[in-house]
Amino acid sequence: GVPIVVPGTLDSMSRHEAQDAIKQEGGKASGSVSSNTDYLVAGADPGTNKVNGAQQHGVKILDERGFLELLGRA
């Protein structure tokens, strides 16, 4: 599945709910950013290390709305 990291908090769901939603759509919820990561969801307080790591690896950074659109829930 598509590796997605959700390091921050989201308004519409908990991190656990977000990870479950990723798995339901056939993706892979990951805890760390690597060159294999496809998306980082930057909710509130995602942590600068994760965001910087995503930028260094060329990972697409989504806001919460973009994440919901990716899941088909927007």
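I take contact to mean heavy atoms within 4.5 Å, and I keep to that cut-off in every entry below.

**Ground rules.** The model is a predicted one, in which local features need pLDDT of at least 70 and side-chain atom pairs count only at pLDDT 80 or more, while totals for chains, interfaces and linings use all residues. Residues are numbered from 1 along each chain as its sequence is written, and side-chain values use heavy atoms, with hydrogens and water left out.

**Entry 1, helix α3.** I took helices and strands as DSSP runs numbered from the N terminus (helices H or I with at least four residues, strands E with at least two). For burial I used relative accessible area with a 1.4 Å probe and protein chains only: buried is under 20%, exposed is over 50%, and partly exposed lies in between. In helix α3, residues 64–71, I found Glu-64, Gly-66, Phe-67, Leu-68 and Leu-71 buried. I then looked up what these buried residues pack against, and noted β1, α1 (15–24), β3 (39–41) and β4. After α3 comes Gly-72, which has a positive phi near 75 degrees.

I listed three helices and four strands for the protein, and along the sequence they follow the pattern β-α-β-β-α-β-α.

I counted two strands as paired if DSSP finds at least two bridges between them. On that basis the four strands form an open sheet with parallel pairing, in the order β2-β1-β3-β4.

By a nonpolar core I mean a set of buried Ala, Val, Leu, Ile, Met, Phe, Trp, Tyr and Cys residues joined through side-chain atoms within 4.5 Å. The largest one has 11 residues, among them Ile-4, Met-13, Ile-22, Val-41 and Phe-67. The elements giving two or more residues to this core are α1 and α3. A second, separate core has six residues, including Val-5, Val-33, Val-51 and Val-59. I also looked up Val-41, leaving aside residues up to four places away in sequence, and found that Val-41 touches Ile-4, Leu-10, Leu-62 and Phe-67, among others.

Ile-61 is in strand β4 and counts as partly exposed because its relative accessibility is 35%. Beyond residues up to four places away in sequence, Ile-61 touches Leu-40, Ala-42, Val-51, Ala-54 and Gln-55. Asp-20 is in helix α1, and with a relative accessible area of 30% it is partly exposed too. I noted that Asp-20 and Ile-4, 16 residues apart in sequence, are 12 Å apart from C-alpha to C-alpha.

For 74 residues a compact globule would have a value near 11 Å, and the protein agrees with its 11 Å. The C-alpha trace spans about 30 × 25 × 20 Å along its principal axes. Buried residues make up 39% of the 74 residues. Of the contacts with a separation of 6 or more, 61% come from residues 24 or more positions apart.

Methods. Rg over C-alpha atoms; globule rule 2.2 N^0.38 Å.
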